[in-house]
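The following exercises concern the structure shown below. Each consists of a task and a solution worked out in steps.

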Amino acid sequence: MKITLNWLEDFIDLNGIDLDDLSEKLGSQGLEVEEIIEPGKKIKDVYIGLITKIENHPNADKLKICHVDIGKDEKLQLVTGASNVKEKVFVPVAVDGAKLNEHDIKKVKLRGKISEGMICSLEELGLEEKSEGIYIMENVSRKDIGKVVHPYFGLDDKVIDFEITSNRSDCLSVLGIAREISIATGRQIKLPETTFESTAKKSKEKLKVNIKDYKKCYNYTARFIENISLNKTPLWMKTRLELVGLRSINIVVDITNYVMWEIGLPLHAFDSELVENNKIIIREANNGEDFITLTGEEICLNCSNLMIADSKKSIALAGVVGGLNTEINEKTDKVILEAALFDPVNIRATAKEHNLSTDSSYRFERGMDYNIVKVASDRASFLLNKYADASVYQGVCEDKNSDFNPHSDVLLRWDRAEKLLGFEIPKEEVIQKFVSLDYDVIQKDNESVKLRVPSYRYWDVKREVDLIEETVRLIGYHNIPMTLPRIKIKNVEVDKQEYFKEEIFKFLQSYGFFETKTFPFISEKEIEELALDKNRLVRIKNPMTKDFEYMTCEPLVSLLKIAELNKKRSNEKIKIYEWGKKYLKKEGESFFTSILLTGKISKSIYKNDREMDFFDLKPILDGLIEMLDLTGYRWEKSNRKIWSDDSSYYLVKNNLKILEYGKIDPDYTEKFDFEEEVWGAYIFVDESLEFYEIKRKFREFSSYPPIYYDLAFIVDKKITAGEIKNLIEEKAGNYLEDLKIFDIYEGEHLGKDKRSIAFSLIFRSKEKTLQEDDINANIKAVIKSVKEEFGAKLRE
Amino acid sequence: MTIDELKEKLDKLKKEFENDLKDVKDEKTWNELRVKYLGKKSKIKSFFRFIGKFSSEERKTVGQLINSTKEYFEEKIEKMKNDVEEEKKRIDFDITLPGRKRDIGKDHPVTSVMKISKEIFLKMGFDVKRGPEVEKEWNNFDALNIPESHPARDEQDTFYLNKKKSVLRTHTSPVQIRTMLDEKPPIAMIAPGKVYRTDTIDASHLPVFHQIEGLLVDKDVKFSDLKGVLYKYLSVFFNDKSIKLRFYNNYFPFTEPSAEMHMSCVLCDGNGCPACSYSGWIELLGCGMVDPNVFKAVDIDPEKYTGFAFGVGVERLAMLKYGIPDIRFFQENDLRMLKKL
């Protein structure tokens, strides 16, 4: 909400007040100053000048050469194409080097004649959307020649932009902000002038007003105004409207807008010639009724919309927007001026339904002040009388809900306030502050005070707790001390999921994986590429972009994007993970740990560079199995589209999928510019937790020395190391403690398609020191069975 | 030969030795020196043969003279041996070469902030709660005193979903509601988590970010307790007891009285810098006393219980704590940042 400083000074004296200090104070009261703008700073070196002589341009029919006195020894020569230029008038002159908003003015040659600047229009000064011709200044005399134009145009003003919270509808006006400043400064506010001479004729004799639904319209006043001259809007008003972001349209609309900005209440003026029988009915719309708004938009109404109508037709969508059929136009000379109060909930519903948010609906849906209706009507009439030479009928024609009471009485118990805030309240000081804001003291004793809330706070101060907030707002939150609460011991259970999360993090990080945080979105395109079931996903109805349309069910896509970014930035080794979620429409959310690795490990003095592959991922798979202490699990093929055909598996135990891994489909990773392998895995957290135990069990270990025995077998390459390992474990007897594969060797002399696999067997007993004899039989059995089973040869 | 002549000869030998000593570079040259001056054919050995040529009175002095020179050589050569070995070690063992390093991963800075925050609040006695991100409108809005009919409903920049009466939660506050429906007071909880707003991405906005919600409900919870808890939390979090807090009135439908809490800027100690727009203050979080309407929605008697609540942005805290200038870095996940933080 923008207002100008000069406008504010009509309502409260700001003499000697520092604007920055005031902003701070208002901020602490909940009225945040977002920005202070000085519009005059955008206009530089523009002076009042007098056109002394005009000559025709020798080379152009439409151009004129003006000699302009701006108080310098030499007159300026300025070339203009404006048709309204004439001699002996005062004009704003931008000289060589001047600034007009975004434009720099320079001395130029126009069709062979030098122009030492420019004569300006309101448009060029930023005070009008479209100007015709230059601006001719009025009420200026010779002694003003050469002065800067800022004061004349009201450009020496400052614009203050406030952030108004949605509960403070009373602050959506210069008046309301002045009232807040009165809290900050202790100075009184003054109301604007509203007295004027009305005609002998009365509005209520000329007009009829009838509210059909008192729950949606609490008060409706109409005033008849005639003999309107559609004069130019006074420059000062035009400037103020422009500076706060409103557009000047015509004197009648400008005045209703001006009063709305100043007092708060949105007003509306109907061309009374277009209103049937001078009759105003406030009624529900007919279902299916079509209505064309002021801006030419066609909307289809229903019976929950409240309309302003005459005896035949709807003429406004109440509190939201007027109708095209009764709009003020160049022939208008009589108007019906509406000042009314509507139900906020209904206005909000209607505005939302028809997607019509206007300055009017914005205010009404936040709740307007019942008692301001008359003031606003009077103020607008005063201005119409003064600036549009209008004859205003006496009084208003009014209908109202007589049960509506714009004042509520609220009890404030001091002990309650002190208990909630935590300090002793200076009661008399607080009461005085309330009184200065037009609260009435209805009753008071040592324990409490009953206050009648002024009508401008009717909509948001209704309860004791609201008065408690007002109390601390008025005297300042700095009065509240700092204390520490006594918190009672309650939930002390260990959160198993959090514990597991910690362990997963520790584990992955110890393998060099970095945690990332991504947006859990997926696009329709990605869904299609990965053949995911769109119907099972949560879709965002109002996504910011198409990329963020669905909630993800394939978090690796997000990790791929992170990997892509890192690769582009030459971060070569990419090992990342995310503790995230998968979101399904029906099943809801489940926790997922997504893991991705790709890229290469660079060369060092200890090892050569190499690309990362499956064996960099494998310890993660093994580690999880160990962490969950899983036995009796199996690997099942996963055929989902994201994976490359032959490399993806689920880890399954008791029909629960605990983990899924694979090489991401090269056709897919190519889209992210990956030529190298990209490996991914998911740990399904909920399923893992079925097997995860925080408690662990001690396993007794032997205190006797071990015997090491190495065996190398030459076998056909088709035979996997795992198969041999399993067989050795089976045959090596109870003393076998550990079995490791320590060497793989291939060489021509071993034979075609053969390789040697070397195992290190560790034997140990819990009861005694083992001797060779204790294991010889087992070694023989191992060798024999590996030979027989796999056609292996022992490598000596 | 007189004793003086012998002395002269020994001194000459010493000088010669000292000269040769300077040339010792390694084991080989050291060994050559040792053989030359202490070996069987060394000059010092030949001096011993002269002893017999002196008178019996002089012999003792002569012996001492020759011995002390020999001992001098022995001592120097022994010391030189150490030096030579040290040098050999240094050459064979270049400790400036890189070690057998491996990467250790790290928490994302958002997680780090959440962990520290959790630790502080757990020590104060708060429990940690979780809630879903696809949340019922009732939990996200209505129960928090933000009815459909109130304009405050529009200010949350909400993502709406194809799932009936559900939204992506716009704040972590619905976890308050879930907890209060589940448990009776006293309740002390925090809820860290992801939240969503339709904010256009810029240096200080992301559509997906993180918040930490705090709630304390009991008999006699006061605004002063809120101030005390926030000060404890933030002074420990930023490891700075000199931080100042100020509370400005604001409007949040779910608290009354409400306040926006500002903290003295930790990057410039309140002197003014770009992070605080040269004001010396950072608008850090919204807070207040739980609105009676919220208590009514979850069936807690507002006459019997009071409570405070607050919600703070995690990325914002991380930016201040680690001096990160742009919120987009959190979403980029550049490994160079993740490694350094």
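**Exercise 1. Determine how helix α5 (residues 109-124) and helix α10 (residues 314-322) of chain B pack against each other.**

Solution. Begin with the geometry: the axes of the two helices are 9 Å apart and form an angle of about 95°. Here the axes are lines fitted to C-alpha atoms, for helices over the stretch in contact, and angles run from 0 to 180 degrees between N-to-C directions. The helices themselves are DSSP runs (H or I, at least four residues), as strands are (E, at least two), numbered from the N terminus. Next, apply the classes of angle: under 35 degrees is roughly parallel, over 145 roughly antiparallel, 65 to 115 roughly perpendicular and the rest oblique. α5(B) and α10(B) are therefore roughly perpendicular to each other.

Then list the contacts, two residues being in contact if their C-beta atoms, placed from the backbone, lie within 7 Å. On the side of α5(B) stand Pro109(B), Val110(B), Val113(B) and Met114(B), which meet Val314(B), Glu315(B), Leu317(B), Ala318(B), Lys321(B) and Tyr322(B) of α10(B). Finally, sort these residues by class: eight are nonpolar, none polar and two charged. In this scheme Ala, Val, Leu, Ile, Met, Phe, Trp, Tyr, Cys and Pro count as nonpolar, Asp, Glu, Lys and Arg as charged, and the others, Gly among them, as polar.

The model is predicted: local features need pLDDT of at least 70 and side-chain atom pairs count only at pLDDT 80 or more, whereas totals for chains, interfaces and linings use all residues. Residues are numbered from 1 along each chain as its sequence is written, and chains are lettered from A and ligands numbered from 1 in the order in which they are written.

**Exercise 2. Classify the crossing of helix α7 (residues 251-263) and helix α10 (residues 372-387) of chain A.**

Solution. The two axes come within 10 Å and cross at roughly 140°. α7(A) and α10(A) are therefore oblique to each other.

**Exercise 3. Is helix α6 (residues 235-244) of chain A mostly covered or mostly uncovered?**

Solution. A residue is buried if 20 or more other C-beta atoms, placed from the backbone, lie within 10 Å of its own, exposed if 12 or fewer, and partly exposed in between. Seven of the 10 residues of α6(A) are buried, and the helix is mostly covered. Among the buried residues are Met237(A), Lys238(A), Arg240(A) and Glu242(A). The cover includes β1 (2-4), α1 (5-9), α3 (150-153), β11 (159-163) and α7 of chain A. Just after α6(A), Gly245(A) has a positive phi of about 100°.

**Exercise 4. Where do the cis peptide bonds Pro185(B)-Pro186(B) and Glu256(B)-Pro257(B) lie?**

Solution. The bond joining Pro185(B) and Pro186(B) is cis, with omega about 5°. Pro186(B) belongs to the loop between α7 (174-182) and β4 (187-196) of chain B. From Glu256(B) to Pro257(B), the cis bond has omega near -10°. Pro257(B) lies in strand β7 (residues 255-264) of chain B.

**Exercise 5. Describe the contact between chain A and chain B.**

Solution. On chain A, 69 residues are in contact with 65 residues of chain B. Helix α13 (residues 464-475) of chain A supplies the largest share of the chain A side, six residues. By class, that side has 31 nonpolar, 20 polar and 18 charged residues.
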